[in-house]
Amino acid sequence: TMETVLAFLDGSLEDWSAYSVGLPVGRDYLTQGKPLHEDVLAVLRQMQTNAGAASTYVMRLPAEPGAGATTLLRAAAYAAAREGFPTLVLRPEQIAIDHEELLAFATALSERALAIGLEQVPPLLIVIDGEHDQRGIAARGIAGTLARQGRSALVLHAVAPQEPEADVERRTQRAAILPVLSAGLADRELERCRRTLSEIVERWTLPMAVPPVSLWQRYDRATQWPLDGDGRTASLFWVALRFFLTESMPLPEAGQAQRFLGRWITQRSEAIEDPAVHDIVTYVAAMSSFRLPSPIWTVIRPAVGGAYPSNLSAAIRQLDGIVTWGDPVKGLDEDIIRFLHPALAQAYLENYADVSSAATRMHQLTPVLAALSPGSSADIWVAESLAKDVLAPRYEERDPDWDWRLRTFELIPPAIRDQSKAILHHWARSLYRSADQRTPRLALDQRCRMALL
């Protein structure tokens, strides 16, 4: 049912039925030549049957933000539990783990296994997500506690990627560092995503239709950053999943699904405590949602004036995998800041600022427009880029909303607007086109009569 889909997207640990029917979209990710859940099962079986093996084992999964590590971990947990291995999955909100309680549980498990006549006590699987690792819940500490008491356990935990040298895949008798799970979208994953969701929709008779790949390709071209030499940047797995899931969902459910899918972005941004830095990130999100990178001082000035906020760099590190620094783009001699993908920026605005339409996204930039200075080449670049790439509708936009576009032209400071041929040109064209579309069309016979007058 649609409720099951939403429960899965909400990260519920009470309902695992989505895993039983294959809802999680598989990543193009292999470790030791097999999917993660198969590798985890292989380690668990080896621990159970090999008396000489270490009593505890740690598997570390370096994962980029938005790569789907949580789903991958839970799919492995579901597979292990289905095979009869006792499994503990830490709850998303958990901030600590009581080692004494964990040890008591493992002891009770061993005693129960012996009481029912099992020759080999099955090892325990403990699953720790990346957010738990950031809160200081250490996989090695858990493994050490259990090992000292002779309890058998596999600890599978996700971590943020480190330096490439530290994340090289390798294994020892007690631990494994798995390949990095990338947030990028592989070609085979695109078709797999569409096919998996189509099968679920058909099996459950859900009131939605999964879009064809051709529609995704059109969306992808329209939303990618035009920054690289070939005019394209790589897309993200999260973006494709969000598109195929929500593009044709009924509106109430689509809004819920988008909110659930964007929760990880909101949680990361909520850790920023400085309101001024939040304003800067919001300005960057609004610019990024229109596929415009933000010159750093253009978005700092309306928030804090002329001083660089001391905690901005820390905030950007907090948003690693969501927001990034960048080198100057063509026509701009100032460093930029941007969201990694415009869809991430829109998700941030929808979840954090309750902003979704183009008009409300542009409204977020009102302080930025008011602070534009004719003495800043970066500010002039922003104003002209807005006029050319955002406010002037593209040819394929049949019936654009003119009100917010024309209002934004008026918000550009006259000292910049009235001295720019590019801005005046696009403003004049927009005024002409809006007037033409707002004027009622005369019937053919009326036009003929007027032509004869």
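Strand 8, residues 323–326, pairs with strand 9 in the antiparallel sense over 4 bridges. Helices (H or I, at least four residues) and strands (E, at least two) are DSSP runs numbered from the N terminus, and two strands pair if DSSP finds at least two bridges between them. This is a predicted model, in which local features need pLDDT of at least 70 and side-chain atom pairs count only at pLDDT 80 or more, while totals for chains, interfaces and linings use all residues. Residues are numbered from 1 along each chain as its sequence is written, and side-chain values use heavy atoms, with hydrogens and water left out.

Back to the pairing. T324 is opposite R338 of strand 9, and V323 has F339 as its bridge partner there. Strand 9 also has strand 7, residues 294–295, as an antiparallel partner, over 2 bridges. In that pairing S294 stands opposite I337.

The order of this open sheet is 7-9-8, with 3 strands and antiparallel pairing. Strands 7 and 8 are at the edges with a single partner strand each, so one side of each has no neighbour in the sheet.

Which way do the residues of strand 9 point? I336 and R338 point one way, I337 and F339 the other way, and all are buried. Buried here means under 20% relative accessible area, exposed means over 50%, and partly exposed is in between, with a 1.4 Å probe and protein chains only. In a regular strand the side chains alternate between the two faces of the sheet.

Now strand 4, residues 153–159. How many of its residues are buried? The count is 7 of 7. A153, V155, H157 and V159 point to one side of strand 4, and L154, L156 and A158 point the other way.

Strand 4 pairs in the parallel sense with strand 1, residues 56–62, over 7 bridges. L61 is opposite A158 in that strand. Strand 3, residues 124–128, is also a parallel partner of strand 4, over 5 bridges. There, I126 has V155 as its bridge partner.

Next, helix 11, residues 251–261. Its buried residues include A254, A257, F260 and L261. Seen down the helix axis, the buried residues fall within an arc of 130 degrees, so they line one face of helix 11. That arc is taken from the directions from the helix axis to the C-beta atoms. L251 and P252, on the other side of helix 11, are exposed. The cover over the buried residues includes helix 1 (2–9), helix 10 and helix 12 (263–270), where contact means heavy atoms within 4.5 Å.

The search runs on a 1 Å grid over the protein atoms alone: a cavity is a set of points where a 1.4 Å probe fits but cannot get out, a pocket is an open set with protein on both sides within 12 Å along at least five of seven lines, and lining residues have an atom within 4 Å of a point. Grid points are joined across faces, edges and corners, and a volume is the space filled by probe spheres set on the points.

How many cavities of 30 Å³ or more are there in the whole structure? The search finds 2. The largest cavity has a volume of about 60 Å³. Among the residues that line it are T70, R74, V127, D129 and H132. Helix 4 (69–82) gives the largest share of this lining, 3 residues. By class, the lining of the largest cavity has 5 nonpolar, 2 polar and 4 charged residues. For these classes, Ala, Val, Leu, Ile, Met, Phe, Trp, Tyr, Cys and Pro count as nonpolar, Asp, Glu, Lys and Arg as charged, and the others, Gly among them, as polar.

The second largest cavity has a volume of about 50 Å³. V5, L23, L197, I200, V201, L206, M208 and L245 line the second largest cavity, and these divide into 8 nonpolar, no polar and no charged. Helix 8, residues 187–204, supplies the largest share, 3 residues.

Last, the second largest pocket, which holds about 1,300 Å³ of space. Its lining has 39 residues, and A222, S289, F290, R291 and R394 are the closest to its centre. Helix 19 (377–391) gives the largest share of that lining, 6 residues. The classes in the lining of this pocket are 18 nonpolar, 7 polar and 14 charged.
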